[in-house]
Every structure is written in structure tokens, then in C-alpha cells.
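Welcome, and please open your viewer with a cartoon view and the side chains within reach. We will go through a few selections one at a time.

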Amino acid sequence: MEKSKNLFLKNTFFLYLMNIIKLIFPFLTVPYLTRTLSTESYGIVTYVKALIVYVQLIVDFGFLLSSTKDIVFVREDRVKVGRITGDTLVEKGILSLGAMLLYFMGMLIIPVMRKEILFCTLYFFSVIATIFIFDFLFRGMEKMHLVAIPYVVSKTISTILVFFLVRGDADIIFIPTLELIGNVIAAIISYGFVRKLGIVLSFSSPQKWVNDIKESFVFFISNFATTVFGALTTVISGFFLSMSDIAYWGLCMQLLSAAKALYNPITNSLYPHMLLHKDKRFINKINSIMAIPMIIGSIMVIFFGDSIMGIIGGVKYTTNTMVLKLLLPAFICSFYSMIYGWPVLGTIGMEKETSFTTIVASIFQIIGLGILIITNNFVLSGLAICSSFSESLLFILRYAVYRKNRKKFTDGKEERG
């Protein structure tokens with residue numbers, strides 16, 4: 001158990017290194033882009049990024065959880081690991097064809113996409129390149145440094161180039177281009193690590209691919225429903241808000257994503273650990289430690305919200321900082337809902353319950369959005385309240401399921417798996 005905890009800490013360190021880079025780079029580029037681009041152009045970038053989230057979801061289809069889980073239990077057998085990796089690669093390729101059909105249909109229907117066809121196309125292929133980044137493999141083998149290195153190298157290159165190439169609205173085409181280049185670099189490095197580990201990709205039958213997609217569907221549904229809290233609200237905003245308001249909402253979502261990026265190293269490292277050890281004491285300790293930065297962050301937003309938005313986005317983004325304050329429950333509850341999701345419930349065979357809680361919370365948010373639309377109150381503050389309510393509800397539902405099943409966990413004193 002002690003060895004496993006040390007491995008957890010090591011993996012968490014490398015994922016934090018990656019996510020610190022993931023935080024630093026946007027905090028360098030976002031202030032630059034919000035000042036270099038008009039709010040209308042930044043609104044376009046925000047809108048297309050929200051749409052591309054759905055392409056990424058279809059391509060990933062929950063494999064980061066399902067394939068990781070499969071690899072955790074066979075990781076000493078390189079042949080089986082190679083078979084799982086190869087099958088997952090093929091399955092992602094199949095799903096990418098479906099994503100391509102839906103995405104290009106959207107380009108014909110949605111006005112914003114129709115005006116920026118090349119911009120949207122480049123973003124699409126930047127997602128397709130991620131098929132060859134084997135995150136699920138390295139997570140399953142608990143070698144998180146192999147997840148971090150490709151990301152850090154590729155993002156460093158693409159981020160630096162943003163400052164040289166993007167000088168105004170006419171240069172926004174470079175944003176998805178650099179995203180594509182960065183993902184291709186990450187894929188090349190990632191594949192090099194696969195070969196270095198001595199893993200040879202092999203493939204099963206089409207029937208196995210179909211079965212794997214079916215089994216991963218429950219993870220996909222949960223991840224898809226989760227996007228209601230961010231991406232879907234941005235997409236719907238395109239029909240009711242100005243591009244300036246979309247840009248502001250996108251910046252708030254960027255901050256929420258940054259907070260979740262800080263949470264991800266913990267939840268991602270915790271998942272394989274909890275698959276082997278059902279350690280509820282460890283969960284409680286993590287929750288207690290994370291309460292400290294939550295309190296500090298909340299105080300900063302309440303008292304210095306205007307300054308935060310001004311530093312990140314510039315003066316033109318300080319006009320409605322109450323929205324950021326209304327999102328505080330979402331910032332806090334999203335961590336605890338993530339902890340009690342796959343790393344806790346998902347490791348005791350409650351995948352359906354995990355997905356169900358996400359769906360219920362998403363339905364409530366959709367209902368809330370519908371009420372805002374019907375009552376002609378579709379404004380930024382209403383979106384923030386709706387999002388915070390849904391994130392809070394998701395945590396409450398998952399914690400209730402955990403409490404009901406807490407006897408399935410150990411107190412951390414015995415070895416499991």
C-alpha cells in the first residue's frame with residue numbers, strides 16, 4: 001500500500017507539472033489574445049473551441065477511463081497491453097469518421113462556422129491528431145511522466161509561436177494551425193515512448209471493437225453530459241448573446257477550466273490507485289487538504305474579482321465581474337464531484353450510477369437554460385447561477401451514492417487488488 005501511495009504521489013507530481021504548464025500557457029496567451037483580438041474575433045475562437053469539445057468527446061469516447069481500467073490489470077503483460085492499445089486506436093479511428101460527418105454538417109448549418117470554414121477545419125484535424133497520443137496507455141501503466149512530456153514539449157513550441165504569428169484579427173487562422181502542429185508533435189513523441197516500452201500494437205476483430213465501444217459508452221455518456229456545464233452553454237449562447245458576451249463567458253469558462261486543470265492530476269492519479277485499493281481514508285485526507293486552496297481562492301475572487309479579470313482579459317473584460325463570483329460554487333463543487341465520480345464510485349463497479357448522476361445534473365441545467373430562454377432572461381448572470389447550481393447538485397448526488405456504499409471501501413490499512 002505504501003509503495004502504491006508513493007507511486008500515486010510521483011504520478012500526481014508529473015501530472016501537476018503538465019497541468020501547471022497547461023495553466024501557465026493559457027495565462028500567457030489568453031491575456032495576449034484578448035488584447036490583440038477584438039472581442040468579436042475572440043468570441044469566434046471561444047465558440048469554435050466549445051464546439052470542438054464535442055468532437056474530442058466522440059473521438060475519446062471514454063477510453064481514457066475504460067482502456068485505462070483494462071490496462072491497469074494486465075500491465076505486466078506487454079502482449080495484452082499492445083492488443084488493448086491497438087484496438088483502442090482503431091476504435092478511435094472509427095469514431096472519428098462519425099465525428100467528421102457531424103462536424104461538417106454543423107459547418108453548413110451554424111453561421112459562425114460557415115463564415116470560418118478553414119479555421120474550423122484546422123481545429124477538427126487538430127483533434128484527430130490526438131488519436132495517436134496514448135494517454136490511456138501511460139495512465140494505465142501509471143507512467144504519468146510519459147503523459148506529461150509530449151504535452152509540455154508540444155505546447156511550449158505552439159505557445160511561443162502564437163506571440164510571433166498572431167498580431168491581429170487577420171491572424172486568427174494561426175491559432176488552430178499551431179494547435180494542429182502541437183498535437184502532431186505530441187503524437188510523434190508519444191508513439192516513440194510506446195516503442196521504447198517494447199509495446200507492439202496488435203489488433204482484434206471488428207466484433208471486439210464494437211464490444212469495446214459498447215462497454216465504453218457509459219463513460220462517454222458521463223463525459224458528454226458533463227459538457228453541459230461548460231461547452232453546451234457556450235454553444236447555446238451563440239444564438240442569444242453577442243460575440244462580446246460570448247467572449248466574456250468564454251473567459252470565465254477558461255478560468256473554470258484552469259481550476260479543473262489543477263484538479264485533474266489528483267483525480268487522474270487517484271483513479272488507478274483506487275482501482276487497486278479502496279482507500280476511503282486517503283480520499284478524506286485529500287478532501288481536507290484541498291479545502292485550504294478552495295477557501296483562499298474564494299476569498300481572492302470575492303475581493304479581487306475585478307483585478308483578476310482585468311489582469312487576464314484587460315479593461316474591456318472588467319465590466320461584469322459579478323458573473324465570476326456567481327460561478328464560485330461551480331469552482332468548488334466541481335473538484336468534489338470529480339473526486340466522488342470515477343476515482344471513487346467508478347472503482348467499485350458503479351459506472352452506471354456515476355453516469356446517471358451526471359445526466360440528472362445535466363438535465364437540471366438544461367431545464368434551467370430553457371427557463372432562461374423562455375422568460376427572456378438569457379444573460380450572463382443567469383448562466384452563472386445555472387452552472388453553479390448544476391455543479392453543486394452533481395456533487396451532492398455523487399456524495400449521497402458514496403455514503404450509501406461506503407462499506408465497500410477500506411480504511412487504508414489493508415492491501416486490495
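**Colour by pLDDT.** This is a predicted model, and the chain averages a pLDDT of 86, with 92% of the residues scoring at least 70. Look for helix H6 (residues 117–128), where confidence is highest at a mean of 95, and then for H1, where it is lowest at 72. Where pLDDT is low, the predicted coordinates should not be read in detail.

**Select residues 280–313.** This is helix H13, with 34 residues. How far apart are its end C-alpha atoms? They are only 41 Å apart, while a straight helix would reach 50 Å at 1.5 Å a residue. Now centre on Phe304: H13 has a kink of about 90 degrees there.

At the N-terminal end, show Asp279, which caps the helix: one of its side-chain oxygens lies 3.3 Å from the backbone nitrogen of Arg281. Just after the helix, pick Gly314 and read its phi, which is positive at about 100 degrees.

**Turn to the largest pocket.** Its volume is about 590 Å³. Select Ala259, Leu262, Gly297, Val301 and Phe331, the closest to the pocket centre of the 22 residues that line it. H13 provides the largest share, nine residues. Which classes of residue make up this lining? Colour by class and you will find 20 nonpolar, two polar and no charged residues.

Conventions: Residues are numbered from 1 along each chain as its sequence is written. This is a predicted model: local features need pLDDT of at least 70, side-chain atom pairs count only at pLDDT 80 or more; totals for chains, interfaces and linings use all residues. Side-chain values use heavy atoms; hydrogens and water are left out. Helices (H or I, at least four residues) and strands (E, at least two) are DSSP runs, numbered from the N terminus. The expected span of a helix is 1.5 Å times one less than its number of residues. The bend at a residue is the angle between axes fitted to the seven residues ending there and the seven starting there. A polar contact is a pair of N or O atoms within 3.5 Å; within protein, one must be able to donate a hydrogen and the other to accept it, and residues adjacent in sequence count only if both atoms are side-chain atoms. On a 1 Å grid over the protein atoms alone, a cavity is a set of points where a 1.4 Å probe fits but cannot get out, and a pocket is an open set with protein on both sides within 12 Å along at least five of seven lines; lining residues have an atom within 4 Å of a point. Grid points are joined across faces, edges and corners, and a volume is the space filled by probe spheres set on the points. Ala, Val, Leu, Ile, Met, Phe, Trp, Tyr, Cys and Pro count as nonpolar, Asp, Glu, Lys and Arg as charged, and the others, Gly among them, as polar. pLDDT is the predictor's confidence in each residue, from 0 to 100.
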